[in-house]
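Open the model in your viewer and keep the selection tool at hand. Each stop below says what to select and what is there.

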Amino acid sequence: MMAIGKRLKKANGNVDRAKFYALSDAVATVKSNATAKFDETVEIAMNLGIDPRHADQQVRGMVVLPNGTGKTVRVAVFARAAKAEEAKAAGADLVGADDLAEQILAGNMDFDRCIATPDMMGVVGKLGKVLGPRGLMPNPKLGTVTPNVAEAVKAAKGGSVEFRAEKTGIVHAGVGKASFSAEALEENVKAFVSAINRAKPSGAKGTYVEKVSLSSSMGPGLKLDVAALVAALNA
């Protein structure tokens with residue numbers, strides 16, 4: 001605890017709490033503050049001017065980060081016959097139908113993303129109480145219920161990130177690792193923020209993106225200059 005305290009104190013000393021950072025400066029500072037013994041995840045948090053309790057103010061979607069997440073993603077696919085073979089060829093870790101459902105009901109949840117072909121939803125639907133609470137239920141709006149299983153598996157493996165606004169209107173996600181180059185992290189942040197902008201719900205009024213902060217797993221958060229960030233996206 002003493003070592004952690006000293007490290008955090010040093011990291012906090014490098015952060016100006018009152019400052020709104022340009023993206024490049026924020027990324028550089030977050031990288032320099034990521035001094036843990038493991039490769040820290042760089043995380044983004046966005047406060048949105050929405051009330052997700054209303055159906056027309058929900059924000060949810062999927063974005064493929066151009067430089068991946070740096071995380072090994074295990075993918076399970078519900079498919080039969082030729083589609084099952086396509087999923088295996090694309091790198092899926094678990095592929096099956098009723099047999100896969102039985103494994104999941106038996107407690108085998110060793111995967112991070114679940115994909116299904118449309119014809120398998122009768123089987124998958126029975127797993128709603130198991131997959132739903134873990135955020136693993138396939139969803140056509142997120143591209144995880146699709147006949148294009150090979151493409152979906154490759155996207156999941158390559159760095160697709162699911163996002164969903166919490167009850168307080170906050171969206172957060174990992175956008176890479178501290179070991180990534182500054183350029184790679186900046187590209188990932190821009191891709192994520194652009195996806196959130198595209199997902200702006202019809203019921204959102206006033207300022208949509210209110211605050212954005214960047215941090216590493218064990219480091220302090222830095223506030224981003226939202227106006228400059230949005231301008232950079234539109235440049």
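**Before you start**

This is a predicted model: local features need pLDDT of at least 70, side-chain atom pairs count only at pLDDT 80 or more, and totals for chains, interfaces and linings use all residues. Residues are numbered from 1 along each chain as its sequence is written, and side-chain values use heavy atoms, with hydrogens and water left out.

**Stop 1: the whole protein**

Select everything and colour by secondary structure. You have 9 helices and 9 strands. Helices (H or I, at least four residues) and strands (E, at least two) are DSSP runs, numbered from the N terminus.

Now check the dimensions. Along the principal axes, the C-alpha atoms fill a box of roughly 55 × 45 × 30 Å.

The accessible surface comes to about 12,000 Å², and 52% of it belongs to carbon and sulfur atoms. Areas come from the Shrake-Rupley method with a 1.4 Å probe; for residues, only the protein chains shown count as cover. Of the 235 residues, 46% are buried. Buried means under 20% relative accessible area, exposed over 50%, and partly exposed in between (1.4 Å probe, protein chains only).

Contacts come next; a contact means heavy atoms within 4.5 Å. Among contacts with a separation of 6 or more, 73% join residues 24 or more positions apart.

**Stop 2: the two domains**

Select 16-69 + 160-234 for domain 1, then 75-158 for domain 2. These bounds come from an automatic or database domain assignment. How many residues does each domain bring to the contact? Domain 1 gives 9 and domain 2 gives 8. Over C-alpha atoms, the domain centres are separated by 28 Å.

**Stop 3: helix α2**

Select residues 23-33, which form α2. Its buried residues are L23, A26, V27, T29, V30 and N33. Look down the axis of α2: these residues fall within an arc of 165°, so they line one face of the helix. The arc is that of the directions from the helix axis to the C-beta atoms. An α-helix has 3.6 residues a turn, so residues three or four places apart point the same way.

Move on to E40, in the loop between α2 and β1 (41-48). Is E40 buried or exposed? E40 counts as buried, at 1% relative accessibility. A polar atom of the E40 side chain lies 3.4 Å from the backbone nitrogen of S217.

**Stop 4: helix α7**

Select residues 149-158. Here V149, A152, V153 and A156 are buried. Down the axis of α7, they fall within an arc of 100°, so they line one face. Turn to the face away from that buried side: it carries the exposed residues E151 and K154. Which elements cover the buried residues of α7? They include β3 (75-78), α3 (81-90), β5 (113-116) and β6 (160-164). Just after α7, find G159, with a positive phi of about 125°.

Step back to T144, in the loop between α6 (128-131) and α7. T144 is buried, with a relative accessible area of 6%. Leaving aside residues up to four places away in sequence, T144 touches M62, R113, C114, I115, A116, P138 and N139. A polar atom of the T144 side chain lies 2.7 Å from the backbone nitrogen of N139.

**Stop 5**

Select A81 in helix α3. Its phi is near 50°, a positive value in a residue other than glycine. A81 is exposed, with a relative accessible area of 62%.

Then pick D98 in helix α4 (residues 98-105). D98 counts as partly exposed, at 41% relative accessibility. Its side chain makes a polar contact with the side chain of R80 (3.1 Å). A polar contact is a pair of N or O atoms within 3.5 Å; within protein, one must be able to donate a hydrogen and the other to accept it, and residues adjacent in sequence count only if both atoms are side-chain atoms. D98 and R80 are 18 residues apart in sequence and 9.7 Å apart in space, C-alpha to C-alpha.
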